[in-house]
Structure formats: structure tokens, C-alpha cells
Amino acid sequence: MKLNITRQRSFWWLISGLVLLASLIGMILCWQQFRAPLRPGLDFAGGTRLQLVRNCAVADCGSPIEPAEVRSILATQGLETSVIQVSGEEGQSVSVRTRNLDVDEEATLRTALEEAIGPLDSQATQIDSVGPVIGRQLFTSGLLALLVSFAGIVIYLSLRFQLDYAVLAIVALLHDVLVTMGLFAWLGLLLHVEVNSLFIVALLTIVGFSVNDTVVIYDRIRESIRLHPEQHINDLVDDGVNQTLSRSINTTLTTVLTLMAIVLFGGETLKFFALAMIIGFVSGAYSSIFIASTLLAWWRERSGRAIAGLSDTAEPTTGETPQV
Amino acid sequence: MGRQRLLLLLIFGLAIAAIVVISQVPTRLGLDLRGGTQLTLQIQPTEEIPVITDRDMEAVQRVISGRINELGVSETSVQQLGQNQLLVQLPGVSNPEQARRVLGETAQLEFRNQKPNTEQQFQIENQILQQHQVELSLLQRTSDVTSTDSSVTADETDAAGEGDQELQAVQQAIRDSNEAIADLFAPADLTGERLTDAYAQPFNNSNRWEVVIEFNAEGAALFSELSRNIAGTGRSIGIFLDDRLISAPTVDVQYADTGITGGGAVISGNFNAESANDLAIQLRGGALPLPVEVVETRTVGPTLGRDSIERSLYAAIAGLILVLIFMAVYYRLPGILADIALVVYALLTLAVFNLLGVTLTLPGIAGFILSIGIAVDANVLIFERTREELRSGRTLYRSVESGFDRAFSSILDSNVTTLIACVALFWLGAGLVKGFALTLGIGVLLSMFTAITCSRSLLLFTLGMPQFRKPELFCPGISTAPSKS
């Protein structure tokens, strides 16, 4: 199998353009609904979430918990607008998301719920209460960390490669981040999937992986340019991509294998975390092969450096001696 | 070949050491895995104290630690987060509501007047309290040992449960003692707001230390009246922080006429530098009218935590096995050797986690799984390069050598960029992100080490044996003709 990606680049760019457009539309729709590009979870929006499980050792677990019953209890506390979800096998657990409750309100609500639906298992309870300050903090610190790592990556790649490699690697990376965010925007709109702070962790991982992937291909292209300065950049990029293709596929495959294991068997909390990473990694492999490399070829061609041997600003060898 | 054998011995030794470390040093699990309550407290500035300094934070932290000690939980931790937040971790769900209530209060410091004719009773009660406190610290030490041990059997868990009951009994006894002692004192209207400062200083250049306290004008007047009443009677001034007695100095008879005037006083006694400083910090904490707000609480039930840890562990193991099978099938002999290197890698990484005391949380486990992916990637890069060299007709030995050499710059560049991201995340990220960045960063460093030393030595060592010196074991389908080396 030999790919002529630089000749088909408008095709690959079109695909990415359409996916990015869909992502942006999803985020715009989310923005109109939630004032945020994604459906914000508890961590960002603030509030209190109670995840309660009926204790079947003591309680009557004959029938699933009735959401209507839970809702009427919430109404007596002035919390009608809360989100209620009954889940678990046989519907024995219920998750209630409300505005941020203080200690007394939370205690009253729990007692009221316990009276209505029966004793709860305190061993399997999860209660999270997040004030608005924390949400903002999580968001800004995540964003700041992201920007600083971008800057670090650009500096390192400019030193080891050249500035155009570095900038284009970041372009490919933004592509992957946007695709993942777009998918979660749509998941939020259609399936009510919320993003929490783990999603930020996932995005950051995608950043790491995406650059990783791009760097391996760029490394190969750089080597080819050094060995064959007389060849056209399009051919060198095609060669570089084809030489690293089986590596790209195998690495993405093995990483996605472990992540699939988490999606299938992992705990509830980690499922969407792993899904986000799978999307990001697949997109990362795609963008490294079809976007980052074609952009590099296009840019070199446009800036008159298509053939390294001819240009005045010949590729400076960065530290290493070329190997023959 | 001798060097290869030596390196292999070293790696083998490291792997054994790692197994010993994993079995001996307990893995620290985050609250999301073992269950418990985590609270984030925000210290609010006030009109009097618009900027919260490190000294203020230290004082507030001491107050919070004092309150946690009464909650009946072992292995608690209080950490400062940023400029004005404290992160409190309470493993095991004892009573999250109570914790939220107690920790969210503003500290209360009060100077009280000992009631007449309570001298003897005070001594007895104080002795009982001291005794209980010794018991408590002993119990906390032993329970720390049992409950962090990862290999607790059912019997030991029961014993730990009994230990917890004992712990709670002692804590109840301490609460009772504190109440009994508080009963012996009468309020004197002098509270922490009137205390302006407290600090420790050495006493006459000796090893002895004393604590200096300073009041504002109003406080000075109240204190001189209080000290005059007490002076020479043998009774003491009770200094209470959150209704717990933290010091009970007596006042010398020479102040019986005027009391201690001027707004300053010195508490001397059996202080060393540490205990004097501790009292000063407690006093300062009580002097701060800084409101504490609980801005975040997360409570995970213990079975819920155990459930997610088991599932994630199974998922990680299943994923790892799939990767091992894939490598062996696709890359043949080097794949199998890489599998050995990967297992060594996983052992080393877990051992380093335990040694460094890394707290494993769910994102931390994710970081670990991802680092396995990166470790695999390093091997894949090397083997792909080796195959290429073989196909271009080089000898087996040279192909393996240059496979490593040429893949190195890719491995280095891609891992350094990942490390840069890890450093940024660890430096700027909040809790979860930090844990993830740490495990991923450690994983990346170790994966480079094992890919370069372990995989390489294993491969070169295997090539030393003639029965393995066959290119088709490295690259199926290659013509064997040009590779007789």
C-alpha cells in the first residue's frame, strides 16, 4: 500500500474541513443552550449531585425507584428544576443534580428521600458539591496549562526542527482538540453527555499524543530531506508518511485497544474519559498523516522551499550528523 | 556480549527489586478509589484582613487540623492549595455532614476565667485528657500501618475495624474531657478578635522558649482585669480554641494589684522551640476573624470506590494482555522480547509510584495506561526501523543496531514534547490533572529507559544465540538469502 497523500491533499482537507464545520456547529448550538461550547457537568457549572443506591438488604427492592416520586420530594424542597436519573440494574439507584445545597439543605433532602424511597446504602453513596468558584478555577487552570504546554512544544520543536514544523504541529493538534470537543458537543446535545474535569484531562492527553504522532512523521520527513535534498518536498513527504504508516497504525491500534478495554469494562466514571481519548487519538493519527504532513508540503512549496537543495536557506542540520 | 549480559543482570535485579518494593511498600490510593470525603475550604478575606498572608494560612491550617483531630478519622491530610484554599482529605465516610459543618466555621479563641475551688478537679481532668491524647496518637500510628497496607486480609480488616472503634472511643473520651474542663472556666468576654499577635521567642538565650501575646487597647484592659483576678490564686487563665483548652497559664502574685497591663504578656513554661511555636500558631489562628467557606465537597462511598478500582484494574490488565498478544503476533521474536520489556516496565513504574508515594487516582491510572501505550510505541518504532533495514538487505545484527539508532531521535523528540506537556500540567493543573501529569511523566521517563536498555539488551543477547539468528523471526516473508552474517 502506497499513499499519494500530497496529491490528494484537497480531498483530505475537505474531509477535515467538513468534520471541523460539524464540530463548530455543535459547539455553537451548545453555546446557545448552555452558554458554553459543551454541556457543562457539575465540575464547571457548580451544584450538588447525590448518587444514592437503595440498600436492598433492608429495603424493599421489588420495583425500580419512581422518578416521579423523587421529583415530588424535590418539589417540597423547592428544587423542582433538578435533573433526576434512575439507573443501575433494576433501577435501584438514583442520581439527583440540583443547585448548590448547603449542609442543612442537603441533610434535609437526604432524610426526605430516605423516608420516601426506603433506606439507602451509605457505602455506595456519592455526593459531590461544587461551588461556582471551583468551576471557574478548574477551567482557567486547565486552559492556562494548555497554553503553556503549547508554548513549550512550539519552542522545543522550533529548536529541534524549524518554526514551520512547530506551528503546523500545533495546527494539527488544534484540529484533534476541536474534533473531540465537537463530538462531545453533539453528544451533549443529543445524549445529554456532560463534560467534567476528567474531560480536560482527556483533552490534555490528546494534545500530548497528537504532537507525539506528528513529531514521529516530521522526524522521518526531516531525515529524508537531509538524505535527498535534491528531491521535491511532495515526494519526500509521501515517502516519510508511507515509511511510518505501519508504525502509526500499530501504535494507535494498541493504545486504542487499552482504551477500548476501559470503555467496555472500566468503571462508570472512566467511560466517557476513555471515549474522548479514543476519538482524539484516532483524529490525532489521521491529522498527523493527512493534515500535518500535507500542510508542511504545501507550505514549503508556497514559500519556495519545495526542493531543499536549491533554496538558499538550506535545511540547517540540527545538532545531529546525517546518517548514511 | 559480556556487556549485554551484565545489563540484563542489572535489569533482572531491578525487576526483582521492583517486585519486592511493590509487595512491601503500600500503594497510596486516592479518595476516589478508597472512598472518603474531600473538602476544599476557601479562606475569605475580611475588611480587617484584606490580604491573606502565608502566616495567616499557617494559622488557619493549624486550626483546621485541630478540628479534624476531633472528627474521628485516621490518616487525614490538610494541604494548602494556591493562595487561600485548603484541601482536606478524610478517608472513609465517617460523617461528611458533620465534617462540612465543623470545618466551615470561623475559629473561636476565648480567654476564660477559672472558677474558684476547681484547682484539684482541673488537675485531674487535665491529666485524664493528656492520657487520652497519648492513647490517641498511639492508636493513630498503629491504624496508619494497618489500613494503608495493600495486602490486608479479611482478619486484619476486622482488626482495623476494631481499631477504628477504639479510636472513636478515645476521641469521644477526649471530647468529654474537653467539655469537663470547659465547665471549670467562666467566660471573661475576652475573645480572639482582641488579640493582635502571638509569636514564640527564646527565653534568656537558653533552650527554653516562651510565647508572647499582644492585645489591642480594649483587649489590654480586659486582660489586665482578668489577670488581676487570677494573680496569686493558683487558678489559671484558660485559653480556649474552638472550645478546646490549648493553654492554661497562671499569673504570678506580683500582678495581684494591677494585673498585667500594657497590652502584652508572656506565657512561659516548659516550652521548647517547637511547642512554643505551635501554641503561637494556634493563638494566631484563633485571633483571625477569617471566615472559612466550604466551596467543594466530594464524598465517595467505600464500596463505590472499590468497585471502580476493580473494574479499572481489570480493564488495564485486559488492555495490557491484548497489547502483549498483538506485539508477539505482529512482530514475532522481537515482539516477544518487547513483551518482556513491557512487563519489566510496568513493574518498575508501579515500584516507583510506591517509592515516591504517588497517590493513585482514576486519572492517575489513566496516565499509567497511556504511558504503557507510549512504551509500546517506542518498541514499535524500533522494530519498524529494523524491518526496513532488513528489507534493504542489511545483516540482522546491523539492522537491529541501526533500528535502535535511527528510531532514537523519533523516540526522544516525541517523548520530550509529551514531557513538556506533563510539566506544564503538573505545574499549573488542579488536583486531578496533577495526578495524571505525574503518573504520565514518570511513565514516559521509564519507558524511554526500558525501551533503550531492556529491549535492546534482550535483542542483542538473543542474537548471540545462533538458533535465533534468523531474519524471518524478525520480519516474516523476507528472503533469507542476503543475510548470512
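Reader: How many strands does the open sheet have, and in what order do they stand?

Author: Strands of a sheet pair through backbone hydrogen bonds, either parallel or antiparallel. In this predicted model, the open sheet has 8 strands with antiparallel pairing, in the order β2(A)-β3(A)-β1(A)-β4(A)-β12(B)-β2(B)-β4(B)-β3(B).

Reader: Which strands stand at the edges?

Author: They are β2 (83-87) of chain A and β3 (77-81) of chain B. Each has a single partner strand, so one side of each lacks a neighbour in the sheet. From one strand to the next, the twist averages 15°.

Reader: Over how many bridges do β4 of chain A and β12 of chain B pair?

Author: Over 5 bridges, in the antiparallel sense. The strands are residues 126-130 of chain A and residues 292-300 of chain B. Within this pairing, R298(B) in β12(B) is the residue opposite D128(A).

Reader: Which strands does helix α3 of chain B touch?

Author: Helix α3 (residues 54-68) packs on the sheet and touches β2 (36-43), β3, β4 (85-91) and β12, each of chain B. Its direction makes about 20° with that of β4(B).

Reader: And what does helix α4 of chain B lie across?

Author: Helix α4 (residues 96-103) lies across β2, β4 and β12 of chain B, together with β4 of chain A. Helix α4 of chain B runs at about 15° to β2(B).

Reader: What joins the side chains of Q162(A) and R300(A)?

Author: A polar contact of 2.6 Å.

Methods
Residues numbered from 1 in each chain as written. Chains lettered and ligands numbered in written order. Predicted model: local features only at pLDDT ≥ 70, side-chain atom pairs only at ≥ 80, totals over all residues. Heavy atoms only, no water. Polar contact = N/O pair within 3.5 Å; in protein donor to acceptor, adjacent residues only side chain to side chain. Pairing = 2+ DSSP bridges. Helix = DSSP H or I, 4+ residues; strand = E, 2+ residues; numbered from the N terminus. Axes fitted to C-alpha atoms, helices over the stretch in contact; angles between N-to-C directions. Contact = heavy atoms within 4.5 Å.
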